[in-house]
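The sequence and structure are shown first.

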Amino acid sequence: MKNVLLIASEAVPFIKTGGLADVVGSLPKAYNRDEFDVRVVLPKYRVIPEHFQQQMEYMTNFYINMSGRMIYVGVFQMMLDGVTFYFIDNEYYFSGDRIYEDGLWDLEKFAYFSKAALTMLCVIDFRPDIIHCHDWQTGLMPVYLKNEFWDSSSYSDFYQNMKAVMTIHNLKFQGVWDTKSVREITGLPEYYFVPDKMEAYKDANLLKGGIVYADKVTTVSNTYAWEIQTEEYGEGLEEHLRYHNNKVLGIVNGIDTDIWNPATDKLLASKYDAESAIKNKKANKKALQESLGLDVDDNKMVIGLISRLTNQKGLDLVNDVIPGIMDGNTQVVVLGTGDAQYEDTFRYYEDKYKGSFCAYIAYNENVAHNIYAGCDALLVPSRFEPCGLTQLISMRYGAVPIVRETGGL
Ligand code: ADP
């Protein structure tokens with residue numbers, strides 16, 4: 001039996017801002033339980049829905065030393081679908097309205113989270129063989145593990161030889177702050193703040209530290225594993241990743257086929273499987289057109305787009321071609337929130353092409369399910385896309401993905 005701990009800043013169904021949460025929520029369920037004991041640790045954010053908060057059980061508490069200050073760590077626990085989730089509790093850090101905020105606050109919050117989660121293992125006596133870290137928020141975990149914890153006499157040999165895997169879901173986000181602040185907040189000595197460790201372009205970079213001290217670095221598709229070693233996609237870390245090339249590999253993400261299953265999906269107007277898709281997708285298309293104020297017409301091709309509305313997602317490419325696409329035979333449904341320029345442009349198109357264009361500017365899971373089921377094709381024009389989940393979900397729902405050839409797409 002091997003023990004594995006996933007540590008991340010978000011996971012479905014507790015808290016989600018993007019694909020990271022989908023992966024951290026669904027990966028543990030996919031392990032073979034006979035061979036692996038897989039557990040997950042997350043921050044206990046106040047914005048986690050109340051019904052989950054009520055199911056969490058208090059386990060223990062202790063204090064950790066962050067740069068000379070002793071800080072409270074509470075640990076809560078909850079089982080879901082056979083997976084144990086731990087939640088690190090500290091109201092000072094995790095009671096915001098949003099899980100990611102600005103300035104130094106996120107640095108302090110996630111430095112604390114990494115160290116608290118690591119210390120928790122010894123306190124609750126769960127010794128993972130592998131700690132699986134996700135994105136910059138947990139980049140300090142391998143750094144603390146290999147340095148403060150591996151050889152620490154306070155823990156005898158509890159942490160000795162524990163391995164760390166660092167998964168990069170999106171290299172664009174690296175967790176970069178000025179070196180002085182990172183030194184002060186993390187309590188790490190000067191030794192780490194050099195170019196072959198955590199320093200990058202004079203600043204301190206949490207993800208870079210994770211890459212240095214992880215035993216393996218994975219990213220979410222083979223193409224992206226190669227792309228990030230090039231100047232075009234490397235976000236400034238390409239040389240560093242080329243240097244560590246022998247431990248970098250790509251593993252394509254999967255989707256949770258229980259949540260994303262048109263044969264059982266309660267949110268759909270009509271359920272279907274591969275056999276009944278052609279017939280039943282029509283009912284879903286009709287329901288989608290009705291609910292979103294589009295002309296109800298089965299002969300129209302419906303193109304969906306479900307995305308964070310940011311530059312990464314290639315929306316400028318879409319904006320330019322919309323007038324050409326709106327040829328009288330085509331309808332477009334956009335679901336997303338993000339940059340005002342994109343939100344405004346899509347609203348403008350909704351007004352201009354009444355009955356054929358819908359701009360649903362919101363984050364809404366229910367609507368997402370109905371778009372996957374009701375559209376004929378899903379557009380994913382990303383400029384870069386480490387893996388991308390929407391194209392996987394759309395294939396599962398019998399909608400043809402139209403993608404730009406990059407990363408996992
Ligand atoms: P990223 O992680 O870069 O945002 P992914 O394609 O990996 O992109 O994952 C996006 C996930 O978020 C998918 O599950 C998608 O269905 C969901 N999603 C994106 N925008 C919305 C939205 N406005 N409403 C509901 N779900 C959304």
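## Terms and basis

Helices (H or I, at least four residues) and strands (E, at least two) are DSSP runs, numbered from the N terminus. On a 1 Å grid over the protein atoms alone, a pocket is an open set of points with protein on both sides within 12 Å along at least five of seven lines, whereas a cavity is a set where a 1.4 Å probe fits but cannot get out; lining residues have an atom within 4 Å of a point.

The model is predicted, with local features requiring pLDDT of at least 70 and side-chain atom pairs counting only at pLDDT 80 or more, while totals for chains, interfaces and linings use all residues. Residues are numbered from 1 along each chain as its sequence is written, and side-chain values use heavy atoms, with hydrogens and water left out.

## The largest pocket

The largest pocket has a volume of about 1400 Å³, a volume being the space filled by probe spheres set on grid points that are joined across faces, edges and corners. Its lining comprises 50 residues, of which T17, G18, G19, L20 and R308 are the closest to the centre.

At least two lining residues come from each of α1 (19-30), β13 (301-306), α13 (365-374), β16 (377-380) and α14 (390-396). By class, 21 residues of this lining are nonpolar, 17 polar and 12 charged. Here Ala, Val, Leu, Ile, Met, Phe, Trp, Tyr, Cys and Pro count as nonpolar, Asp, Glu, Lys and Arg as charged, and the others, Gly among them, as polar.

## The second largest pocket

The volume of the second largest pocket is about 470 Å³. Among its 24 lining residues, V23, L27, Y31, H132 and I251 are the closest to the centre.

Helix α1, β6 (130-134) and β7 (163-168) each supply at least two residues of this lining. The most comes from α1, with five residues. The lining of the second largest pocket divides into 12 nonpolar, nine polar and three charged residues.

## The cavity

The count comes to one cavity of 30 Å³ or more. The largest cavity has a volume of about 40 Å³ and is lined by Y45, V47, Y93, F94, S95, G96, R98, I99, E101 and K109. Five of these lining residues are nonpolar, two polar and three charged.

## Helix contacts

Axes are lines fitted to C-alpha atoms, for helices over the stretch in contact, and angles run from 0 to 180 degrees between N-to-C directions. The axes of α5 (residues 140-149) and α7 (residues 206-213) come within 7 Å and cross at roughly 45°. These two helices are therefore oblique to each other; angles under 35 degrees count as roughly parallel, over 145 as roughly antiparallel, 65 to 115 as roughly perpendicular and the rest as oblique. In contact, meaning heavy atoms within 4.5 Å, L140, P142, V143, K146 and N147 of α5 meet L206, G209, G210 and Y213 of α7. The residues of this contact comprise five nonpolar, three polar and one charged.

Helix α10 (residues 277-292) and α13 have axes that come within 8 Å and cross at roughly 130°. The contact involves K281, N284, K285 and L288 of α10 with N370, I371, Y372, A373 and G374 of α13.
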